[in-house]
Amino acid sequence: MGQKLVIDPVTRIEGHGKVTIQLDDNNQVVDAKLHVVEFRGFEKFIQGHPYWEAPMLLQRICGICFVSHHLCGAKALDDMVGVGYSKGVNMLPAPEKIRRLGHYAQQLQSHVTAYYYLIVPEMLFGMDAPPEQRNVLGLVEANPELVKRVVELRKWGQEAIKTVLGKRMHGINSIPGGVNKNISIAERDRLLNGEDGLLSMDKVIEYAKEGLEIFYDFHEKNRHQVDTFADVPALNMSLVDENGNVDYYHGNIRITDDDKNIITEMDYHDYLDYFSEATEEWSYMKFPFLKSLGRDAGSVRVGPLARVNVTKSYGTDTPLAKEALERFHDYTKGKANNMTLHTNWARAIEILHSAELIKNLLNDPDLQKENLILTHSKADWTGEGVGVVEAPRGTLLHHYKANQEGNITFCNLVVATTQNNTVMNRTVRSVAEEYLGGNDIITEGMMNAIEVGIRAYDPCLSCATHATGNMPLDVSIYDAKGKLFANKRR
Amino acid sequence: MKTEITLDGKKIQAQIGKPLIDVASDHGVYIPSLCYMRGKPCLGTCRVCSVRVNGHVMASCTVPVYEGMEVEVDAPDLVDMRKALVEFLFVEGNHNCPSCEKSGRCELQAVGYETGMMVSRFPYRFPVRTRDHASKYIWLERDRCIFCQRCVEFIRDEETGQKIFSIDKRSTHSSIEIDVKLADKMTPKQVKRAADICPVGCIIDKDLGFNKPIGERKYEIKSIKERILKGKTNE
C-alpha cells in the first residue's frame, strides 16, 4: 500500500513550513512538496502609511535580514523622491559606503548564524545522528571552543550593524537620499581593533577562514554524499556589477544557465516585464519564473550558490575570498554548480568575502564624510520606486507606489526564499527519491535528510510569505489512498 | 506671596497661586504629564500628573498652591494610578513605536519609560481612525492622538488667531481635525513647532522622517524627567 509521509514542522529554518511526500504501493516517491503554511500581509498593511515609514516598518518582517529589507526600502524611496537609480542618479559615495557596511555586516552575521547554528551540526555529527545531538547544544558539548568563536563572530557582526544602524536589530540609518549618520573614527577603530569582549577585524577574518576549513574537511570526508545530495538544476540569478561579478548592494540582475551563459540581464526596475508568479493552493509562497522560459525552465535559484555560480571573480581587494572562489569554480570545471550541499561551501566563502569587504570599507575615509544626503525637492517626486539588494538568502526586491500626498498605495515584496521556491521543491523531491523511495522502514535520519536539503537554502519562510510565528516545519508521508503513514512535527 | 506646604511629608515654601506641578519640579519632585507645558495655560486633559491634595486626587497642573496644602506624589497607589493612566492612553489609540518616526522624541513613550510601564493591564481598543494627509506640510496620524489639545490651543493662525486644529465629536468618537486652508498658510517654523509640541507622533512634518540617528534622539540624550527637573521644560 502506498504511503504519505509528513514532516511537520521542518526545524532549524526561519518561519513555518511542512513537507508532504506521497509514496506509491512500492514505496516509490510519486510526489513531494514543501508547503509554506503561514501568512502575514505586510504588503497590505503598509498601505496608507507615509512613504518614509516603509523601510522602518517593513524591515520588521524579519529578525535576521532586516538590514536587507531596510536597504531595499531605502533604495525604493530614493527612486520615489527622485534621487534614485531609476532617474540615473548615483548615491553620494559616503552614504552608499555606509549602507554597504551595514549590509555586509548583516550578511556576515546572518551567514554565520545559518552556517554554524543550523547547518554545521549535521556536517559534524551526520544526518543520522540523534536529534538531541545534531543541534547547537550538541556543538557546545562536542566543541565548546568552536561555539565560543561563533558567538564572538556573531557578536562582532551585530556590533557592526549597531554601529551603522544604531541598534543590533531593526535599527534606522537609511533615509530617502542617503543616511542619517556617518561612522566616527572611534567607531571605526573599535571595529578594526576590537576591545575587551569584541574581536578585532583581523580575528574576524581568521575565524571566517576557519569556517571554510570546516567545510573543506567535511567535504573531504564525505565527498560522495556532499556531491550527490540533491544535485538539482536551476538557472542562477544575482545582482552583478559592470564586470559581471556579484554586487550585494546594487547592479543589474543577471541570470545564467548551466554553462554560465547569460540567459537574461535586466535593470531591476523592469522586473515586471521579465517575471511572473504562479500560485498553488497548497502553499502561501508563490512561484516566480521568467516569462520567456515558462514556469519550469524559467525558475531561478538565488542566494550563495547562485551568486558564486554567476560571479566570475571577486576583486583583488578580497584576496582570500578570491582564492576560495577560484577553488570553488575549479571543482565544476567552468560549469554551474547545482549541488545543493555546496550552498554551504558558497555560504562559507561569502562569510569570508563579507569580512574582507568590511575591512576594506572600514579603512575608507569616506565613512567619516559629512555629506550624507542628496537633497531633493517636490519637483523631483516620482511616486514610485523599486529597490533590489542581494540579501543573505538571495535577491530581494521591494516595489512601492505612493500618491502625491506621500501615502503608500501599493507594495510588492519579492523575497529570496520565494525565488527559491521551485528549486527547493525540486530538492525535496530529489532527496525524498534518494533517501526514502523504495524503503519499507522510514527512519528519523531519512526524514532529517529532507530538512537538510531545505536548510541548505537557509529559507526564511516568514519573509517569503510575510508571515508570523516561529519556524517549525512538518513532514508528512501519505500512502496511495491518501492515508497518513508517517508524520514528524516539532 | 509664599506659604508653607507639605510635599511627600517634607515642608517646603511655595509661591501661592503657582501651579503645583511646577512647585514640585522646582523642589526636585518629578510629576509626569503629557498635556501641561510650563509657562502655558493649563489644559488638564491627560490627568497623568494626578497627585493627592489634602486627601483628594487631582491633576497637579490644575491646582494652584494654597496655604495648608498637604501633597502626596510618591504614594504607591498614586504611582500606580499615574502608570495606569499612561496605559490607558496606549490602549485608547494605535501606538506602534517601532515604525513611528517620533520614537525617541515621543513624550508618551518617554513617560511610559519613566512610569515603568512594560505592558498595559487593559485590553487594547484598536480603534479605527483615518489619517489626514490633505494639508501640504502636515501629516495627521490620528491613530496616535491622545487628545491633549496642545495643538488646539497653542497653534493658531498667525494673522487671525484662529485655531488650526480642533477636536471633533465626543468621547470614543473624538477625532483631531485640521483646517487645511489655514494649515497650508503655516510657516515652516510653525509647522516644526506644531510637530514638536505634539507629545506623540500625530502631527508629523511631511517629508522629514527619521533624520536623527538612534542614540541622538531627544529623550535618548536626556530623559524627560531630567529635562523637567533641570531644564524645566518639556519642549
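User: Is the crossing of helix 8 of chain A and helix 14 of chain A left-handed or right-handed?
Analyst: This is a predicted model, in which local features need pLDDT of at least 70 and side-chain atom pairs count only at pLDDT 80 or more, while totals for chains, interfaces and linings use all residues. Residues are numbered from 1 along each chain as its sequence is written, and chains are lettered from A and ligands numbered from 1 in the order in which they are written. Helices (H or I, at least four residues) and strands (E, at least two) are DSSP runs numbered from the N terminus, and a crossing counts as left-handed if the near helix is turned anticlockwise from the far one by less than a right angle, and as right-handed if clockwise. For helix 8 and helix 14 of chain A, the crossing is left-handed.

User: At roughly what angle do the axes of helix 8 of chain A and helix 14 of chain A cross?
Analyst: Axes are lines fitted to C-alpha atoms, for helices over the stretch in contact, and angles run from 0 to 180 degrees between N-to-C directions. Angles under 35 degrees count as roughly parallel, over 145 as roughly antiparallel, 65 to 115 as roughly perpendicular and the rest as oblique. The axes of helix 8 (residues 201-221) and helix 14 (residues 342-362) of chain A come within 9 Å, and the angle at which they cross makes the two helices roughly antiparallel. That angle is roughly 165 degrees.

User: Within what distance do the axes of helix 13 of chain A and helix 14 of chain A come?
Analyst: The axes of helix 13 (residues 319-331) and helix 14 of chain A cross at roughly 160 degrees, which makes these helices roughly antiparallel. Their crossing is left-handed, and the axes come within 8 Å.

User: Which residue is the bridge partner of B:Arg52 in strand 5 of chain B?
Analyst: Strands pair if DSSP finds at least two bridges between them, and two bridges join strand 3 to strand 5 (residues 70-72) of chain B, which run antiparallel. B:Arg52 also stands opposite B:Val57 in strand 4 of chain B. In strand 5, the partner is B:Glu72.
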